[in-house]
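Please keep the sequence and the three-dimensional view at hand.

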Amino acid sequence: MTSSTSASRLAVVTGGIGGIGTEICMRLADAGRRVIAVDLATRGERIEAFREQVAAYGSAIRFEPCDVSDFKACGGLIDHVERNIGAVDILVNAAGITRDTSLRKMDPQHWHDLMRVNLDGVFNTCRHVIEGMTSRHFGRIVNLSSVNGQTGQFGQTNYSAAKAGVHGFSMALAREAARKGVTVNTVSPGYCDTPMVAAVPQEIRQQIIADIPVGRLGMPADIARAVVFLTADDASYITGANLPVNGGYFMSF
Ligand SMILES: NC(=O)c1ccc[n+]([C@@H]2O[C@H](COP(=O)([O-])OP(=O)(O)OC[C@H]3O[C@@H](n4cnc5c(N)ncnc54)[C@H](O)[C@@H]3O)[C@@H](O)[C@H]2O)c1
């Protein structure tokens, strides 16, 4: 299958009905992309709300169920999309979970559940799109990491390890795919105003906001803007990069 024209390039967004994923889907569609939001079939109510939220986009944004922790299911998804809708030009991995607890209380289930979604999920989707992207000489992959992968966070040995791993993975794949027109980058959000952060106890949330130089939580739109930038057709010279979007919460060079 040949790559679509730039006006109608096809994007797959995992975690596509989540707080950040939904915004990414809409902003990519605004940029002229056709978008497939991928998320768990079990999230019935949220899927319905998502469909209403994106109704104005018509067939430019569709939903496809898939558990990204399931390698075979990811293969089936990409095969289904490429046979019935079109070649995948853009992949955004935004599916993610937290299983916070200090290491002394963390059981193997907390560790493995998180790794299977946040790190294996990135492998499972990238593995199934990379062949097609490199053979068509065009691809844009953006993997969502986190500021907590850069700094480490109390209670998040699992999450911090997975998110640091996401960037290592992105750099390695960026090298493998660079000559074939495929870029692979990471976006590392700081703390955003989403259900994931709403679950953090109020007093800890206030302390976090006090420590953000910009003085507010990030908005999903702040993250989506970075994803649209990195997935643009002419963003061909940025690869293996991590773009932090954190309001100055963590600065590095
Ligand atoms: N919200 C933040 O402050 C923040 C900060 C840094 C990084 N991030 C990262 O950004 C990404 C999006 O976060 P969010 O705030 O939108 O979270 P969210 O919980 O709103 O969305 C995550 C989505 O992933 C989906 N998901 C979970 N397991 C899945 C699976 N096995 N298969 C398919 N989909 C699955 C969920 O159903 C959900 O819709 C995540 O990777 C997260 O780790 C978020």
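A residue is counted as buried if 20 or more other C-beta atoms lie within 10 Å of its own, with C-beta atoms placed from the backbone. The model considered here is a predicted one. By that criterion, 8 of the 11 residues of helix H10, which spans residues 220-230, are buried, and the helix is therefore largely enclosed by the rest of the structure. The buried positions in H10 are Pro220, Asp222, Ile223, Ala224, Ala226, Val227, Val228 and Leu230. Their packing partners are helix H1 (19-30) together with strands E4 (90-93), E5 (139-144), E6 (182-189) and E7 (242-245).

An unreviewed UniProt entry lists residues 9-190 as "domain: Ketoreductase". This span is 49% helix and 19% strand, and its end C-alpha atoms lie 29 Å apart.

The protein as a whole comprises 10 helices and 7 strands, and 44% of its 253 residues count as buried. For 253 residues, a compact globule would have a radius of gyration near 18 Å; the protein has 17 Å, and so agrees with that expectation. Along the principal axes, its C-alpha atoms fill a box of roughly 50 × 40 × 35 Å. Among contacts between residues at least 6 apart in sequence, 75% join residues at least 24 apart.

Definitions and conventions
Residues numbered from 1 in each chain as written. Predicted model: local features only at pLDDT ≥ 70, side-chain atom pairs only at ≥ 80, totals over all residues. Buried ≥ 20, exposed ≤ 12 C-beta atoms within 10 Å, placed from the backbone. Helix = DSSP H or I, 4+ residues; strand = E, 2+ residues; numbered from the N terminus. Contact = placed C-beta atoms within 7 Å. UniProt positions renumbered as here; feature names shortened; annotations may be inferred. Rg over C-alpha atoms; globule rule 2.2 N^0.38 Å.
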